[in-house]
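Please read it with the sequence and the coordinates at hand.

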Amino acid sequence: MKPLLSVKQLSLHFAGLKAVQDVSFDVAAGSIVGLIGPNGAGKTTLLNCLSRILNPTCGTIDYDGHDLLKRPVHRLSEIGVTRTFQNLELFGEGTVLENVVVGCFPRFRSNMLSELLSLPGANRARRAAYEEARQLIDELGLTAHVDTVVSGLPYGIQKSVELARALAGKPKLLLLDEPAAGMNPEESRQLGQTIKEMREERGITVVLVEHDMRLVMGICEKIIVLVQGAKVCEGPPQAVRENSMVIKAYLGEEEAEDA
Amino acid sequence: MKSVRKDRLLAAVAMGVALVAPAFVGPYGHYVLAIILIYGLVALSLNIVTGVGGQISIGHAGFWAIGAYTCAILVTKVGLPFLLCVALGGAVAAVFGLIVALPALRVQGHYLAIATLGLALVVQQVLYEWTSLTGGRGGMFVPRPQILGYEFLDDGPYYYVILAITVFFTWVTVNYRKSLTGLGLGALRMSAIAAQCSGVGRTYHIITAFVLSAFMTGVSGALYGHLIGQLSTDSFTLTVSLSFLTMVVVGGLNSVAGALLGGVFLAYAPELMRELKDAQMIVYGGTLVLFMHFLPGGLASIPERILDLARARR
């Protein structure tokens, strides 16, 4: 079967620094893929290339028949690619509802003149967007906060709001940048559950960057290990765990700690 | 979103006041009332670009001048009907709004402020030098407005024309602020990256905001020219641009009511500061800083502030 996402020989160089070097991998539809590696390995940079925030120096990204590199960042959501951020990027002065509505954006646009004159078509589209956002907020258990301004909410809830906003784009491919950062082991376990449910119930393919090894090993079918911008290993959790290069570069200390 | 009913009540009261106010004041009062609305219209336009979009513009005196001169020239030299000329004044200003939006896509903050400032200065200079069209240093005479053969000789009746147009654009601004496009522009201000990843196109939103804003300011300028009866480039100086910015901050950047309050402020401020001449700039600048620091929500946030204080006391 053709993979949903296919990255080929992707490189990104900042002046002399090779942040991403010749990385290739495939992501099968319906899978959960983890990107791991030590700090500065280029994981977030790679994710930023996939979400078109950064322009790779060379290489190709093929997603569901689209050449992603031909699309500007704001036109990924409409083909089903959305993301969350390592350090929350919320619309701080907006309510939870407004934040999530922005996620619904591309599917409910109407022409600006009809919005300015409050024509029925534009009003209908806006109401439908709010309706859908409310529903999603209910599904994610955020109902109590729906009209709260997000900047005042606790960190954990803010992370859920960001996830809700990403889901509001009805993604086929969801990119998560350190979703478990700042979570305790119990919260992280729950997050793993949520991600699996997203895949099962909404058929979403997930690519995540994560440092929490228990989470990554627990939910990913495939793990890609980056070291200094290059892919050193790729495979199911067991194989990656046993790969000597990986142990040397990264997992060694981790494993020792666990034991 | 909060308390739609309270907003409606407030709007109804404001409308009532606006309708009966001329009955209680003389001819000069009519002029001041008209000026309040004309400034209010500019404040509404800045509410879109600066309030929602977070883009600082010191160039709005440029759009204002373009609207005023376009309308006056079309009325006097081409002889088109007044209301059509007002709309065309807005349209020409909107074209310049598009031109200013282009640097706004590339630069932010201080740099954008300087770019828009540049526009205001260039426009003023061109109007000053283009004597054959604008009368240059001598300025130009603008006739009283005429609609369907009726000539508005007094400011009282003309005030109602301006009121109708201001009410229309207040409605448009309210619609914009609650529309998905307006929401998208606000999202871009708060996190450009996240907004774009959610599908909000930066180019489209910033350009349309500048075009809409410039259009409204152009219309305001057109109405202004016909109110004061003569145009000279002195009416469109840097002080004017700065006073516009002060007006929206004093009124309240993030509310429509604040924009209209800003109009009231700006209509009365020059009366109080007439003796100061060029030193007015300092007062505007000082007021801007003080409000940003101590009352960032502007006059419109005072009731809320008092409520908060009262709650804290309890």
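## Charge and surface

In chain A, 28 positive and 33 negative charges have mean positions that lie 7 Å apart. Chain B carries 18 positive and 11 negative side chains, and for this chain the centres of the two sets are separated by 15 Å. These values, like the others in this report, come from a predicted model.

The accessible surface of chain A amounts to about 11600 Å², with 51% of it belonging to carbon and sulfur atoms. For chain B the corresponding surface is about 14300 Å², and carbon and sulfur atoms account for 69% of that area.

## Overall form of the two chains

Chain A contains nine helices and ten strands, and its C-alpha trace spans about 65 × 40 × 35 Å along the principal axes. A compact globule of 259 residues would have a radius of gyration near 18 Å, so the 19 Å of chain A agrees with that expectation. Of these 259 residues, 51% count as buried, and among contacts between residues at least 6 apart in sequence, 67% join residues at least 24 apart.

Chain B is built with 14 helices and four strands, and its C-alpha atoms fill a box of roughly 60 × 45 × 40 Å along the principal axes. Its radius of gyration is 19 Å, which agrees with the value near 20 Å that a compact globule of 314 residues would have. Buried residues make up 53% of the 314 residues in this chain, while 76% of the contacts between residues at least 6 apart in sequence join residues at least 24 apart.

## Nonpolar cores

The largest nonpolar core has 91 residues, of which Trp64(B), Leu223(B) and Phe244(B) touch the most other members. Helix H2 of chain B, covering residues 27-52, gives the most to this core, with 16 residues. Apart from it lies another core, of 58 residues, which includes Ala129(A), Leu191(A), Met198(A) and Met213(A).

When residues up to four places away in sequence are not counted, Leu223(B) touches Ile38(B), Leu41(B), Phe82(B), Val86(B), Tyr158(B), Ile162(B) and Ile165(B).

Val86(B) lies in helix H4 of chain B, which covers residues 82-106. Because its relative accessible area is 4%, which is under the 20% cut-off, Val86(B) is classed as buried. Beyond its neighbours within four places in sequence, Val86(B) is in contact with Cys71(B), Val219(B), Ala222(B) and Leu223(B).

Ser235(B) is placed in the loop between strand E4 (230-231) and helix H11 (238-251) of chain B. With a relative accessibility of 16%, Ser235(B) also counts as buried. Its contacts, again leaving aside neighbours within four places in sequence, are with Trp64(B), Tyr224(B), Ile228(B) and Val240(B).

## Positive phi in chain A

Most residues other than glycine have a negative phi. Asp22(A), however, has a positive phi, near 50°, and this residue lies within strand E2 (residues 17-27) of chain A. Ser118(A) likewise has a positive phi near 50° although it is not a glycine, and its position is in the loop between helix H3 (112-116) and helix H4 (120-139) of chain A.

Terms used:
Residues are numbered from 1 along each chain as its sequence is written. Chains are lettered from A and ligands numbered from 1 in the order in which they are written. This is a predicted model: local features need pLDDT of at least 70, side-chain atom pairs count only at pLDDT 80 or more; totals for chains, interfaces and linings use all residues. Side-chain values use heavy atoms; hydrogens and water are left out. Helices (H or I, at least four residues) and strands (E, at least two) are DSSP runs, numbered from the N terminus. The radius of gyration is taken over C-alpha atoms; the globule rule is 2.2 Å times the number of residues to the power 0.38. Buried means under 20% relative accessible area, exposed over 50%, partly exposed in between (1.4 Å probe, protein chains only). Contact means heavy atoms within 4.5 Å. Accessible areas come from the Shrake-Rupley method with a 1.4 Å probe; for residues, only the protein chains shown count as cover. Lys and Arg count as positive and Asp and Glu as negative; His and the chain ends are not counted. The place of a charge is taken as NZ of Lys, CZ of Arg, CG of Asp or CD of Glu. A nonpolar core is a set of buried Ala, Val, Leu, Ile, Met, Phe, Trp, Tyr and Cys residues joined through side-chain atoms within 4.5 Å.
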